Amino acid sequence: MNTIFRKSMLSVAGLAFAGGVFAGPIAAHAATPVDAKPVAVAVQTNAPKPQGEQSHISLNDEQTANVKAIIAATKKAGLPERAAVISIATSLQESKLENLGHLGDMNDHDSLGLFQQRPSSGWGTPEQITNPEYSTTAFLKGLKQVDGWQDMPLTDAAQTVQVSAYPDAYAQWEQQATDLVAQHWNS
């Protein structure tokens with residue numbers, strides 16, 4: 001970037017900043033008072049922002065029930081909302097929140113359930129890993145073993161537990177998972 005252009009851009013940025021600093025307080029006093037009421041906002045202060053483009057699907061009653069089962073298992077394990085967000089995003093990627101049984105030729109090895117866990121990899125029996133509470137608890141047990149999972153990007157935390165062939169795919173579900181936890185955590 002040439003020096004003249006860079007100095008021009010810095011000058012414009014400086015003017016915009018100065019205008020905001022000086023106009024801000026003046027504009028605040030000039031505005032007509034508004035009868036505002038405080039609004040409660042749920043904020044996960046340590047949670048990283050969602051990475052990349054986000055995906056979203058509409059949920060049916062079964063999928064919503066699975067969201068609630070994941071949240072209940074997370075609470076039962078004594079873990080915070082961030083663990084539920086990671087769990088739901090993982091299940092959205094693995095099964096679209098559907099408790100999948102054996103899919104015949106379409107099956108990925110012997111993967112089953114909400115998290116597509118494999119009996120042959122030690123996740124449990126087919127009956128266990130197709131039980132939403134059990135499979136969520138198994139996922140959370142793996143998550144708790146990941147140092148710093150609370151503060152790392154969701155896709156890294158999920159991938160460390162799941163060891164997927166598509167390690168970055170979990171990130172696309174973070175916003176929907178966050179919204180679902182905000183909607184159902186206290187219900």
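1. Contact here means heavy atoms within 4.5 Å. On that basis, residues 24 or more positions apart account for 61% of the contacts in the protein with a separation of 6 or more.

2. Ground rules. This is a predicted model, in which local features need pLDDT of at least 70 and side-chain atom pairs count only at pLDDT 80 or more, while totals for chains, interfaces and linings use all residues. Residues are numbered from 1 along each chain as its sequence is written, and side-chain values use heavy atoms, with hydrogens and water left out.

3. Architecture. The protein has 7 helices and 0 strands. Helices (H or I, at least four residues) and strands (E, at least two) are DSSP runs, numbered from the N terminus. Along the sequence the pattern reads α-α-α-α-α-α-α. Of the 187 residues, 34% count as buried. Buried means under 20% relative accessible area, exposed over 50%, and partly exposed in between (1.4 Å probe, protein chains only).

4. H3 against H7. Two packed helices are described by the angle between their axes and the distance between the axes. The axes of H3 and H7 come within 8 Å and cross at roughly 130 degrees. Axes are lines fitted to C-alpha atoms, for helices over the stretch in contact, and angles run from 0 to 180 degrees between N-to-C directions. The two helices are therefore oblique to each other. Angles under 35 degrees count as roughly parallel, over 145 as roughly antiparallel, 65 to 115 as roughly perpendicular and the rest as oblique. H3 passes H7 in a right-handed crossing. A crossing is left-handed if the near helix is turned anticlockwise from the far one by less than a right angle, and right-handed if clockwise.

5. Who makes the H3–H7 contact. H3 supplies Glu-81, Arg-82, Ala-84, Val-85, Ile-88, Ala-89 and Leu-92, and H7 supplies Glu-174, Gln-176, Ala-177, Thr-178, Leu-180 and Val-181. By class, the contact has 8 nonpolar, 2 polar and 3 charged residues. Ala, Val, Leu, Ile, Met, Phe, Trp, Tyr, Cys and Pro count as nonpolar, Asp, Glu, Lys and Arg as charged, and the others, Gly among them, as polar.

6. H3 against H5. H3 and H5 pack at an angle of about 120 degrees, with their axes 11 Å apart. This pair is also right-handed in its crossing. Ala-83, Ile-86, Ser-87 and Thr-90 of H3 meet Phe-139, Leu-140 and Leu-143 of H5. The classes are 5 nonpolar, 2 polar and no charged residues.

7. The model has 2 salt bridges, each a side-chain nitrogen of Lys or Arg within 4 Å of a carboxyl oxygen of Asp or Glu. In one, Glu-174 and Arg-82 meet at 2.8 Å, N to O. Glu-174 lies in helix H7 (residues 174-184) and Arg-82 in helix H3 (residues 81-95), so the pair ties together parts 92 residues apart in sequence. Glu-174 is buried, at 3% relative accessible area. Arg-82 is buried too, at 7%.

8. Lys-76 pairs with Glu-133, the closest N and O atoms being 2.8 Å apart. Lys-76 is in helix H2 (residues 61-76) and Glu-133 in helix H5 (residues 132-144), 57 residues apart. Lys-76 is exposed at 66%. Glu-133 is partly exposed at 38%.

9. H6. In helix H6 (residues 154-162), 7 of the 9 residues are buried. Among them are Leu-154, Ala-157, Gln-159 and Val-161. The buried residues of H6 pack against H3, H5 and H7. Val-163 follows H6, with a positive phi near 55 degrees.
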